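Student: I have a structure open and would like to talk it through. Can we start with the overall picture and then look at some residues?

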Amino acid sequence: ASSPPGSGWPQGRLSRGGPPPDEPRAAHARKPGVQVGARHVAMGPTAAMLVAGLLAPLFLGRTPGVDATEFSVACPAIEAHSLQVCDRCIADDLCPVIGGVEYKCNHFHKKCVAPSWNASEVIDRCPELRSRPATWGAMCKLACLDEQSPYSCAMNHCLNEDFPCNWVPGCSSEDNNLPFGVHETDSACLRSCSDHDDFIQSLWDQDDCEAAKKVWGGCAVNSIWQYCPVSCATNECETRCDREEEPDAAGLRCWEHVERDGVSCVDAIKKGMDCHCKCGGVYRSVSGTVYRTNGGAYTWKEKVKEQGVSKSLDLQLDVVPQREFSVSLTGDSMSAEDGVVNPARIKIVAEDSPCSHANNAEGVSGLLCEVPPGNDILAIAVCDTWPNLATAWLHRWTGVSIEACGNYDICHCNKGCNLRENWKLSGKIRVRPESTDGDPSQAPPGCAAYFPTQAPVPGTDGQDKRSDGVVRSALSITGGLLTLYGLASSEVLTALQAALAEFLQYTSELLGETVPAPGDIEVIIVARRRLR
């Protein structure tokens, strides 16, 4: 295959001519067909167009033969041949017909151009400004012939990650840019905004973009900036990820934390950031796992390797007791409905409690979860707090607080929360005191354990001294023991004394003996039907 001038391909490896002449599409792409289960049923071009023409209108509420307007097969919400010259396109049927000439969707730039234009004319007539990513073409370094799902050539041949999933505005509906048959978690869509070091290695035998910049003294030669949007400081990631990612509580997006602060993709995800643009490759690697058949937040089971170390993607959150915080969970195929109709729910349970039916831990506020009265201990808690923010990639609950210090688990349900199997362990919360200075007795519940050991009382030598001490505890037993076996009260009391001594016994290394002994236990009758 050949590439257009200025494409950045090394001279000598590819010819310098324009794109190859048009040939029958069947010579370059899989024969058109339809998906039946996991099989691809091949059919001729005429049959394929007939099926697509019948199916596409159904997704728009139109009846074939009733609406005379023709719509694109690839973009069923856009009229056929309605785009303008140089507009971005994903199929020929979107491009205009001018003076009887049918404009084509160029296989390298994915813009509507005249079939007579050579590569240089395409660049001259449809200029691309390095400082304006919106003017860029698809930057395909080999011809991308696909005009239907799954657009495999986009990943293998094209540098611009917006192609094809964010290429034609309103492709499938007013607020949906996806081409017909494409899902947002498809490989063609989940593409990281990062340097294309793999292209650099295969084309010029350089390790990465930084090495290539040193060899050629910058980013202009061989159009290195196209391959290295991060190293060459283009504003591609800013433009693309500002549009797609939800900001965190501080108003910053994942790409800013990764590029500017040096946070890794895995660590950003574990903080609950929406990173599906900057770190799309991570999302793609764990999308559609068996454990999350209904989509939802990432869990402790989703793991990726980072610098040779396997890391889970579940949320890790550190908070202060009795102070409100937000719980943000990222994942894929998350319920994106607004408000009360969103089925997603979370609960914060005691550490190691089963997500399938555990209730909120004691002291959790801001999340309503209750076990219906009269149910047994295995009944599923009914949770009724929907997310304050919901997208296909992020759920966020605000105004949550926990009364006491300790460790807690976050359980997330994406939909069908009345079923145990839909509750997944999606994160951990560590609640620790804001400060360990001061009097531990004044700390919130459970927080004294995190305070340092107090210094010796002034006036002492600071040495531990052994002294005797007595620890007392009490319990009561009811249920008619005095009459159950017909024994004398003294015999019942002696039996209880021996049973409790055996049940409570513990070998103390400090004392060098087993305690308590039967004689340490006092059993008395305090009421006609109660022993203590």
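Student: How many helices and strands does the chain have?

Tutor: The chain has 12 helices and 24 strands. Both are DSSP runs numbered from the N terminus: helices are H or I with at least four residues, strands are E with at least two. This is a predicted model, where local features need pLDDT of at least 70, side-chain atom pairs count only at pLDDT 80 or more, and totals for chains, interfaces and linings use all residues. Residues are numbered from 1 along each chain as its sequence is written, and side-chain values use heavy atoms, with hydrogens and water left out.

Student: What share of the residues is buried?

Tutor: Of the 532 residues, 43% count as buried. Buried means under 20% relative accessible area, exposed over 50%, and partly exposed in between (1.4 Å probe, protein chains only).

Student: Switching to Ser149: where is it?

Tutor: Ser149 sits in the loop between helix 2 (119-125) and helix 3 (152-157). Its relative accessibility is 25%, so Ser149 counts as partly exposed.

Student: Which residues is Ser149 in contact with, leaving aside neighbours within four places in sequence?

Tutor: Phe180, Gly181 and Val182. Contact means heavy atoms within 4.5 Å. A polar atom of the Ser149 side chain lies 3.1 Å from the backbone oxygen of Gly181.

Student: And Val340, is that buried or exposed?

Tutor: Val340 is exposed, at 55% relative accessible area. Val340 lies in the loop between strand 11 (325-332) and strand 12 (345-350).

How values were computed. A polar contact is a pair of N or O atoms within 3.5 Å; within protein, one must be able to donate a hydrogen and the other to accept it, and residues adjacent in sequence count only if both atoms are side-chain atoms.
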